[in-house]
Every structure is written in C-alpha cells, then in structure tokens.
Amino acid sequence: MKKFINKEIVQAILIADSNAKNFRPFSETESVALLPMVNEPMLDYALEALNRSGVMEVFIFSSLHYENVKGFINESLASASCWAIGMTVHVIGGEGCRCFGDAMRELDSKGLIRENFILLDANCVTNADLKSILGQHKKTVAYDKGAVATLIFKQANIHVRTGSEVMIAMDIQNKRLHHYQELSMDSKEINFEIPLEVFTHNSEIALLNLINPEIAIGSPSMLSLFSDNFDFETRADFIRGILINEEILDSRIYISLLSRQHYARKVSNWLSYQIVSNDIINRWTYPLVPDMGIKCLTQQYVFLKNNIYRSATANLVKVGLRENVVIGNKSAVGLGSHLDCSVIGRNVLIGQNCRLHYVFIFDNVIVEDNCVLEFCIIGSGSKIGSNCELKNVLVDYNCVIPKNTKLMKSQVFSSLPKDGRDEMTRKISEKAYVIDDGAEVADDEDERNHPASPKMGKLTTILVDSDYSCSSDESESRGCSPILDDANGFLSEVIDSLTRGLQEKSNPEYLKLEINSSRYAYNMSLREVNFNVVKAIFNLPPIKESSRNISVALNTVFDQLKPIITHYITTDDAMMDCLKALEDIFEENEFVRSRMSQVVHYLYDKDFITEDIILAWYEQLDNDQHKILKQTLQKFIEWLEQSSDGDNEETD
C-alpha cells in the first residue's frame, strides 16, 4: 500500500480595519487596509510579505468594510498580482465583530485554521522571513506543548512614541515572556512595576524596550483560548490574560526578536503612517520599495539619488525635488514648485510655485497654483484651489477647497458628517466641511479615557539603527537634488555617452543606439530628444570648458559628432527645438553667451538650420525675457535679412 505524505499548508490570518477611528475621515467610507502607502494599498504590503514568507493560504478578516476588501482582492486576483502566485486568499466577514477578540472567535468557530499559523495586521509592513520564525515556533511547541504563541518584536531605537512601543521582561535562556507593558504615547515612563516573582523564579531576565508590529505565530489552541475567554478583546488582553493565568490555562507565550536587517512596523495612526512611508522611501523595507514593485513585475519608477522615485510618465519641468519624493504615474508638477518628503499619487496635477513638505496626495487630485501644504493627507478626487495654505490638515475624498483658504490642524469632509458632529462643523464650500482638531470631542467614554492619536510632524531624530533616517532639520540645510526631472536624467546620460564617444572616437552609430536606449528608459518624446541632444553637445568639455576661439571649439566637436546632429535635426520642428535649446545654453554657459551670434551663424553655415527657421525663432523671442539674447543676435539677423533681400532682387 502506498503511503502519501501530505505537505503542510502554511496558513496566515490578516486582520483588516483595525484602528479605524485613528484614520478618519477616510476610514468612514473605505477600509484602512486599502489606504495607499507610497501609492500602493497597505494590504498589498502585508500580502506580499506573506507570499515572500512561503504562505500558501491567507484568511483576511474584515468587519467594517467587507465588500470593500472583497472587491479589492477579486480585482487583484483578476489582474494577476504578484502575491497571488502560489497563494490562495479568502476574505471573511463578521458583522457582529466589534474587536480583535471577536474576529478570533469567529475564525475559531469556522474551523479554518488546522495548524500553526502566522497572525498579521493588514496595516503591517515587514520584510522579515516569517516562515523561519514559524519553524522556530514549531520547535518551541515540540518541547512545550503549552506554547500558544510566539510574539514578534523589533528593537526600539526611536524616541518618538507612536503607540506601538512596549516594555517586556523575558527569560534570556528560553525566550519565554514573563511581563508585558504597553508604553503610553504622551509620557516617558521612568518606573515600571514588575512582579517580584519574575526575578525570583527565573535565573536570568532581560528587560527590553521594543516596537510591537503586532505579528505573531499562533498555535491552533490560541483561537480556542479566545473562544473560552470572552474578556479577551484585544491582543494586549490576551497577553495579560495568559501571563496572569499561566498555570490555570496551561499556556505560555514566547518571544522572537527581529534582527537589525529586518523591518517590521504597524501603521496605527497618522504619525506611524508618516514614519513607515519615510522608511519605505529610504529603503529600510527592501525589497518592498517603490522601484522594485509591490504587486507587479513591471518597474513603476525610475530611482534617482536623494531617494527620488519618478514614474516614467510623470511630467515635471524645472521642479525642485529635495529628497524622499515619489511621483506617480501620469502626474504633473508645474514650473517653480518644490517638493520635499512627499508622495504624489497617480494622475495628480500640481500647479506652479507650490510648496509641499511631508504631503501625501492620493490619486486624481488637483492642487492649483501657489499653494503651501505641510504635513497633509489629501484624499483621492479632491481639488485644492489656488493660493491655499494647509498645515496638519486631513482632506477627505472628493473635497473641493476654495482658493485663498487657510486651514491648520483640521479635518475636511466632502459632506456633512452624519454622526452628530454638525454643531462643530463649518462649511467652506459645497464639498468641504471643516472640523478643527480642538472642536472634536470623543465619541464615547472609552475614547475620552485615552490620549488623542498622534498627528504628523517633524521627524527630527537621526538614528543609526533607525526605522527612519530622514531629518527635516538636515534636509532644510541641503541643496535641492540636481536631478530635477526625467529630462535632466536623460540629459545627464546623453552627456556621458557623447563625452565618452568623443574621447574614445566611438562609432556614431553606437552613440545613436545609446541615446535611443536612454530615450526609452526615460520615456522621452522625439522633440525632447532633439532639444536635449543639442544641449548635451554644448555641454561637452571642448565647448563648455573652452577659452579659445568658438569656431575651433565647435569644429572639434562637430567634426566627429556631425552624424549625431544630422540624425536628429532634420525637420523644421527639430531645427526649432535646436534653437530653443540654445536659449537654455545662453543662460547657462558664459563662454557661449557672448558668442551666441557666432554659434547660430556656424549652425547656419553648416546647414544644420535654415534661414527661415532662424528668423521665425528670433521673432518668437520675448522682448523683455530675451532682451539680451536678441541684442546679441541683432547684427546677424540684420545680415540674414539683407542677404535674403539681395537674393530676392537677383531672382526678380
């Protein structure tokens, strides 16, 4: 008789919709798990982490927005998300579930969990290998049948409290938990009350200050403990209940501490949202970083220095990107705007001369000209009028904020809230109802007994082993990144290619291939290529660094690179692009500036540009903006016109 060996299925439970009150106004219409984190839903990070850890079956429990989550999973499966490879995902709902404990009891009643399992919050971001910790838990269970859970913690080096910090006492020898205390957000504890027997009954105890990402490995008996103890409403209730009644319940909890290279943190409020977003951008969560793709195999961003992530389809012209900035697909940022430590979603339009610092903008948002936004969340479909100033403001989905509006520490709803807060609400437009932070009161006694959820703010701590490393104070002293947009990235690569080609006397055909490769990498249009190839040529060392005769410098370059310029500058439009590039060269290159008339004359003599295009370009130059350039070209233009008149007379 053949014996069949059944392969153990690695299962996981994801808890969605936790900490919903901390994410108002967005959590009132959508699951917290689906809020975008660096332009990807938080749920995707959790599912990708599980998939990378070898999980085969996932149960997502959602009580507040079951249909919301179910629809998202179905769409993701239909679009073949990466995490769906080799992993089955089920969405389970429980209308009567009001807390974590109820969710665990509901899962126990369904009998879906058969073996040891991974328990994760859908708002958690981690790159840890959870399967290896699951293996450690199985070894623990082998010698202690009463091991119900292994809790996973990360060493805390951050001095900012976000509500996820805990202090524990554990036995160093076997990693068994003996004391657990959550640290408050609004104070710094100096004294801790730890039962004396913790020290008298154990040979060696360690006291640790940790971050609780709310990840655990559970034994099947863990779920039944929730069913048997209805006073277990939260994870903390479960932990304290086990510690107090270890002998009665015959259950014990163990600890696993993540190593330095592993990242884990739960997003439980807007401050932790800001910190985790910053960590992702700073690549502490690698490989869960923007340019690697969270749920798809195609590259979504070009990764540039100073942690600038730019979609190839984004449109930016002369924009200041300081550091830690993500620009989503098909978004545009206007002339003179400056962005710092911000995430811009897809199809977002930001006007001219805007200033954004720690701003997280969801998809399909419009921010008009001259706006100043700091520490803000802007929901999808919203519109911010021109000359607005928003600081520490949460803007709901589909809001319309009128121009010249100034708001500070407020929530903006698209419609009048339906929970009895109309008395504290002021209307500023048909789709903007404002509740100031100072006006909002707690909904119930439980909320009134707890401190308010922390808001976003300056991240001023610089840490060696930090969950984040960006310092606003440091960033303010830095200059802007020299790479301002895709065009400049493309320009830099073309300059490198042509400089190397000039030095090595490379075949121009090879240089064309390199330029075309860079063109597709940066998604440049043909006119942008024409413009930047000309700029690159005039940035080559023989011209840029020359102090000799301009004609000699031009001959040095064009004798070898003539096939390049003739390949790209062929049509009237291309010739106009060439002359437009000279406008920038005039501003940037002092050597060329005083000799611009000779440069244009040289291009004309070599038949790179025609007389008609030169005259048309000259007429388009603004009399004020290009006053000096027009004066420099005036004698050459007069000569061209006289030459043209002479040719016409001879023809007559």
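# A guided tour of the model

Select strand β10, residues 177–182: five of its six residues are buried, leaving the strand mostly covered. Keep in mind throughout that this is a predicted model.

**Stop 1**

Which residue of β10 is the bridge partner of Met 170? Select Leu 177 to see that partner. Next, show the stretch between the strands, which has five residues. Pick out Lys 175 in this hairpin: its phi is positive, near 60°.

**Stop 1: a parallel sheet**

Now select β16, β19, β22, β24, β26 and β28. Taken in that order, they form an open sheet of six strands with parallel pairing. Go to the edges. These are β16 (315–316) and β28 (400–401), and each pairs on one side only. Strands of a sheet pair through backbone hydrogen bonds, in either a parallel or an antiparallel manner.

Zoom in on β22 (residues 349–350) and β24 (residues 366–367). Two bridges join these parallel strands. Select Ile 350, then look across to β24: Val 367 stands opposite.

**Stop 2: helix α20**

Move to residues 611–620. Which residues of helix α20 are buried? Select Glu 611, Ile 613, Ile 614, Trp 617 and Tyr 618. Turn the view until you look down the axis of α20. The buried residues fall within an arc of 165°, so they line one face of the helix.

**Stop 3: salt bridges**

Side chains of opposite charge can pair when their charged atoms come close. In this model the count of salt bridges comes to 20.

Start with Arg 24 and Glu 28. Their closest N and O atoms are 3.8 Å apart. Is Arg 24 buried or exposed? Arg 24 counts as buried, because its relative accessibility is 12%, under the 20% cut-off. Glu 28 has 38% relative accessibility, so this residue counts as partly exposed.

Jump to Arg 426 and Asp 436. This salt bridge has its closest N and O atoms 3.2 Å apart. Color the two strands involved: Arg 426 lies in β30 (residues 426–429) and Asp 436 in β31 (residues 432–436), so the pair ties together parts that are 10 residues apart in sequence. Arg 426 is partly exposed, with a relative accessible area of 37%. Asp 436 also counts as partly exposed, at 28% relative accessibility.

Then select helix α17, residues 572–588. Lys 580 and Glu 583 are three residues apart in this helix, so about one helical turn separates them. An α-helix has 3.6 residues a turn, so residues three or four places apart point the same way. Lys 580 and Glu 583 form a salt bridge, and their closest N and O atoms are 3.8 Å apart. Check the surroundings of each. Lys 580 is partly exposed, with a relative accessible area of 32%. Glu 583 is buried, with a relative accessible area of 12%.

Definitions and conventions:
Residues are numbered from 1 along each chain as its sequence is written. This is a predicted model: local features need pLDDT of at least 70, side-chain atom pairs count only at pLDDT 80 or more; totals for chains, interfaces and linings use all residues. Side-chain values use heavy atoms; hydrogens and water are left out. Buried means under 20% relative accessible area, exposed over 50%, partly exposed in between (1.4 Å probe, protein chains only). Helices (H or I, at least four residues) and strands (E, at least two) are DSSP runs, numbered from the N terminus. The arc is that of the directions from the helix axis to the C-beta atoms. Two strands pair if DSSP finds at least two bridges between them. A salt bridge is a side-chain nitrogen of Lys or Arg within 4 Å of a carboxyl oxygen of Asp or Glu.
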